[in-house]
Amino acid sequence: MKALLASLVLSLPLAALAQAPVIQISGATFQPLPLALSTPLTQGGEVKSSATAVDDALLFDLRASGLFQMLDRASFLADAKEGMTAGSINFARWADVGAEALVKYTLTREGDELKAEARVFNVGNGREEFKTAQSGPTAQPSQLAHKVADAIYRHYTREPSPFLVPITYVRKSGANRDVWVADWDGRNARQVTQGGINLLPALGPDGQLGYTSYQQGKPDLYVRKSGGDTIRLKTNEGQMATGIAFSPDGKRVAYALADDESAQIWVANANGEGARQLTDTRFGINTSPAWSPDGKRIAFVSNRGGSPQVYVMNADGSAVRRLTFQGNYNQTPNWSPRGDLIAFTARDERNAFDLFTVHVDTGKISRLTQDQANNEEPSFSPNGRLVLFTSTRNGPSQLFVMTAEGNNPLPLPVQDKAAITTPDWGR
Amino acid sequence: MGMGSNSNKGSGRVTMSEINVTPMVDVMLVLLIIFMVTAPLIQQGVKVNLPEARAAAVEASDKKLVLSIDAQRRVYLGEAEVLMAELEKKLATNAKAQADKELYLHADRDVPYGVVVDVMAAAQRAGITNVGMITDPSAGGRASASSKGKKEARR
């Protein structure tokens with residue numbers, strides 16, 4: 001991922017950067033771009049029912065991106081029948097509501113296919129900057145919305161958006177805990193396991209899904225391939241294996257293996273063979289492995305210093321280094337795909353859980369959440385710009401998303417009465 | 001505001017536990033900052049005969065949101081007509097007005113004082129603290145204002 005980003009940046013000609021606006025996302029001076037998304041123009045009555053679903057999903061994607069200040073449609077002054085071309089748009093009316101960018105789109109339906117055409121306008125100079133045509137299945141209108149949102153995101157950032165990458169999480173239902181996979185915003189959710197206790201799911205490359213399950217009475221690791229075949233990894237018999245994490249290339253897995261005395265981090269090939277123990281602390285607990293984006297290092301939690309803290313080591317177990325020194329209960333590390341930060345959950349002096357990031361090289365700690373009940377289990381988006389996490393701020397534990405700086409926290413639009421835990425955003 | 005929200009609980013005397021905001025609103029309305037703006041820079045699509053004034057005025061910036069009231073008491077934001085009933089909401093949700101906390105009032109000289117006050121009160125309730133009154137500094141202003149008017153061309 002990191003290499004991919006680097007090549008993206010290098011391959012951009014400077015002239016192209018000068019022509020079109022590119023939103024600089026990080027830095028203290030970052031200001032979200034005031035963007036007006038007009039309601040979709042629909043053609044034909046059939047498409048009307050899907051239009052609301054597309055519109056809701058698109059609005060949420062753009063709002064959650066952290067790039068835009070999405071302007072309130074209640075303030076809009078433009079004529080509802082205004083057209084799609086620069087010549088027919090009265091830009092003064094959009095400037096009067098504070099818009100600097102305007103997105104107009106149409107929806108049409110052809111049988112089982114929904115089609116969208118979106119155009120991005122610069123309100124200041126009245127020019128069309130960009131247009132995109134996308135299509136998706138009528139049965140899942142939100143998928144079309146994610147494609148349109150992705151195109152707009154790419155236009156402004158020159159980066160792929162996180163909107164097309166699935167997430168996984170555990171949903172509690174009665175005594176059962178099941179693994180689910182959903183689109184990034186929680187829509188289009190599919191149940192993967194059928195009852196029992198299933199925990200700590202992780203998405204790997206090539207559509208692999210790993211999780212911990214008590215199907216055979218004790219925790220074991222399972223991997224479901226993209227085709228649907230599920231295998232149980234052969235870890236040391238008699239021991240408890242939990243918390244699978246795929247290396248970025250998908251060829252190796254890290255996990256924790258526990259016996260009566262301790263828990264240690266192990267690494268094996270993706271099929272469970274060639275297992276090798278990385279940590280060795282008698283009576284200590286080492287758990288929650290998380291790979292660095294280059295696959296060379298692993299972050300994990302260890303209580304070897306007396307309290308659970310985040311540590312980093314090389315992927316062969318060498319050069320172990322403690323990373324967090326504040327607080328006495330730090331857990332669930334997740335390594336940013338940009339490589340620089342590790343997000344984790346910390347329990348503070350009031351016994352509330354909150355999210356922090358720690359810089360891998362400098363050890364600098366930044367706070368992401370505060371005074372909003374418990375916030376746990378951060379997982380970076382594949383581009384490292386957003387963080388998915390669970391929060392109890394609205395009652396039961398639910399999925400939220402915010403920027404990697406902790407700004408703009410939003411609940412995912414699909415909310416559930418059941419508790420949702422341990423999300424993982426695919427790569 | 002929830003004033004007197006506990007009046008239906010219990011019996012007999014109840015304690016008013018919240019601040020009575022009515023006098024505060026009055027003070028706030030007084031605190032609305034009003035200043036005069038000269039017209040020439042403002043090119044509006046709405047035809048309005050501006051009042052003439054010889055008071056000292058600031059030069060208008062054409063980047064501020066302009067609220068017009070024409071002789072028929074129709075209200076416009078920019079050049080889009082807005083119902084009086086919706087004005088407060090339109091202003092409260094308007095990102096530009098909320099960022100500036102300022103708008104220019106561009107009202108016809110024949111609009112009754114009461115209508116202007118209603119509009120200003122709506123703006124004030126929507127959180128706009130500065131209102132610039134657009135006036136015409138020149139005696140010949142009336143003629144030039146009418147010739148410039150595009151008479152709701154785009155509506």
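Tutor: Let us start with a term: a salt bridge is a side-chain nitrogen of Lys or Arg within 4 Å of a carboxyl oxygen of Asp or Glu. This is a predicted model, in which local features need pLDDT of at least 70 and side-chain atom pairs count only at pLDDT 80 or more, while totals for chains, interfaces and linings use all residues. Residues are numbered from 1 along each chain as its sequence is written, chains are lettered from A and ligands numbered from 1 in the order in which they are written, and side-chain values use heavy atoms, with hydrogens and water left out.

Student: OK, how many salt bridges are there between chain B and chain A?

Tutor: Between chain B and chain A the count is one salt bridge. A:Asp96 forms a salt bridge with B:Lys96, and their closest N and O atoms are 3.9 Å apart.

Student: And which elements of chain B give two or more residues to the side that touches chain A?

Tutor: They are strand 5 (80-82), helix 2 (84-93) and helix 3 (95-100) of chain B, where helices (H or I, at least four residues) and strands (E, at least two) are DSSP runs numbered from the N terminus. The largest share of that side, three residues, comes from helix 2 of chain B.

Student: What area do the two chains bury between them?

Tutor: Chain B and chain A bury about 1,100 Å², with 51% of it on carbon and sulfur atoms; buried area is the accessible area (1.4 Å probe) that two parts lose on being put together, summed over both. In terms of contact (heavy atoms within 4.5 Å), 14 residues of chain B meet 13 residues of chain A.

Student: Switching topic, how do strand 5 and strand 6 of chain A pair?

Tutor: Strand 5 (residues 113-122) and strand 6 (residues 127-137) of chain A pair in the antiparallel sense over ten bridges, and two strands count as paired if DSSP finds at least two bridges between them.
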